[in-house]
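Work through the exercises below with the sequence and the model side by side. Try each task before reading its solution.

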Amino acid sequence: RLALPGGTLTSEFVDFEVKRGLEWLQGERNEARRYSAVLVLKELSTTAPTITYTYIPQILDLIWVALRDAKLETRQVGAEVVGMCLNAIYERDNRQKRQWHKKVYEEAEKSFQSPFKYSNAQKILSKRYEEICKLIFNHKEHGNSVVRCAVITSLPSLAAHAPDAFANDYLAVSMTYLLKRLTIDSDKSDAFIAIGRISVVLKNYVDSYKANMLQQTISCKHPFLNVPVNSQLLLET
């Protein structure tokens with residue numbers, strides 16, 4: 001409530017909490033403090049975006065400490081904070097958008113320990129689309145379910161960004177991969193959602209996969225209701 005706009009202490013409270021969160025990200029490794037820091041930054045970005053906006057450069061400089069933390073919950077909340085910051089920049093300042101997209105891309109490169117270098121900051125995804133796709137697909141069989149989840153949930157975004165290129169170069173391998181993940185309990189829900197979203201984006205390209213999609217759906221339980229799918233209903237639809 002103290003951070004809600006209009007309060008007499010809003011500005012002072014938000015400034016204090018943001019600075020303390022940034023301090024905790026810079027300090028010695030303390031799991032509880034790091035997790036608390038990203039939670040506070042996330043909530044303040046939601047409830048007091050105007051005040052928090054002035055701290056975005058500092059947040060994006062330091063948030064990588066949380067994104068590389070050993071604790072999954074800290075990394076997940078840290079990723080949400082990055083998304084909120086980039087959305088705020090996108091809505092308010094196109095000049096800074098390219099600068100910070102470049103920064104995020106380069107830091108992500110370091111995390112993957114990728115050998116290629118970034119050379120053009122203006123159109124990150126467009127210019128590096130093929131390399132980004134290859135980088136993501138290189139991790140599709142990763143032993144960690146969190147990494148596989150990231151791969152699966154990234155595929156619809158790649159398809160939406162360049163539908164024709166994705167359909168020509170990556171649709172076949174993507175659908176084969178996603179249909180296979182439908183048989184893995186830990187990946188099933190994400191794979192169902194990804195197939196649906198890709199089908200919406202590439203509706204003119206997925207006709208040849210409909211039979212396999214129906215067959216896989218019929219042969220496994222629905223991941224949300226946990227009951228057998230009615231095959232006759234699906235076929236009629």
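**Exercise 1.** Is C149 buried, partly exposed or exposed?

*Solution.* Start with the source: this is a predicted model, in which local features need pLDDT of at least 70, side-chain atom pairs count only at pLDDT 80 or more, and totals for chains, interfaces and linings use all residues. Residues are numbered from 1 along each chain as its sequence is written, and side-chain values use heavy atoms, with hydrogens and water left out.

Next, take the cut-offs: buried means under 20% relative accessible area, exposed over 50%, and partly exposed in between (1.4 Å probe, protein chains only). C149 has a relative accessible area of 26%, so C149 is partly exposed. Apply the rule to another cysteine: C133 is at 0%, and therefore counts as buried.

**Exercise 2.** How many disulfides does the structure hold?

*Solution.* A disulfide is a pair of cysteine sulfur atoms within 2.5 Å. By this rule the structure holds zero disulfides.

**Exercise 3.** Find what span helix α5 should have, and compare it with the model.

*Solution.* Helices (H or I, at least four residues) and strands (E, at least two) are DSSP runs, numbered from the N terminus. The chain has 14 helices and zero strands. The expected span of a helix is 1.5 Å times one less than its number of residues. Helix α5 (residues 72–92) has 21 residues, so it should span 30 Å. Its end C-alpha atoms lie 31 Å apart, which agrees. Among the buried residues of α5 are V77, V81 and C85.

**Exercise 4.** Which residue forms a salt bridge with R148?

*Solution.* A salt bridge is a side-chain nitrogen of Lys or Arg within 4 Å of a carboxyl oxygen of Asp or Glu. R148 pairs with D187, and the closest N and O atoms are 2.8 Å apart. R148 lies in helix α9 and D187 in helix α12 (residues 185–201), so the pair ties together parts that are 39 residues apart in sequence. R148 is buried at 9% relative accessible area, and D187 is buried at 1%. Salt bridges that share partners join K140, E141, R148, K180, R181 and D187 into one network.

**Exercise 5.** Where does pLDDT stay under 50?

*Solution.* pLDDT is the predictor's confidence in each residue, from 0 to 100. The value stays under 50 over residues 114–124. Over residues 223–237 the pLDDT is also below 50. Where pLDDT is low, the predicted coordinates should not be read in detail.

Methods
Contact means heavy atoms within 4.5 Å.
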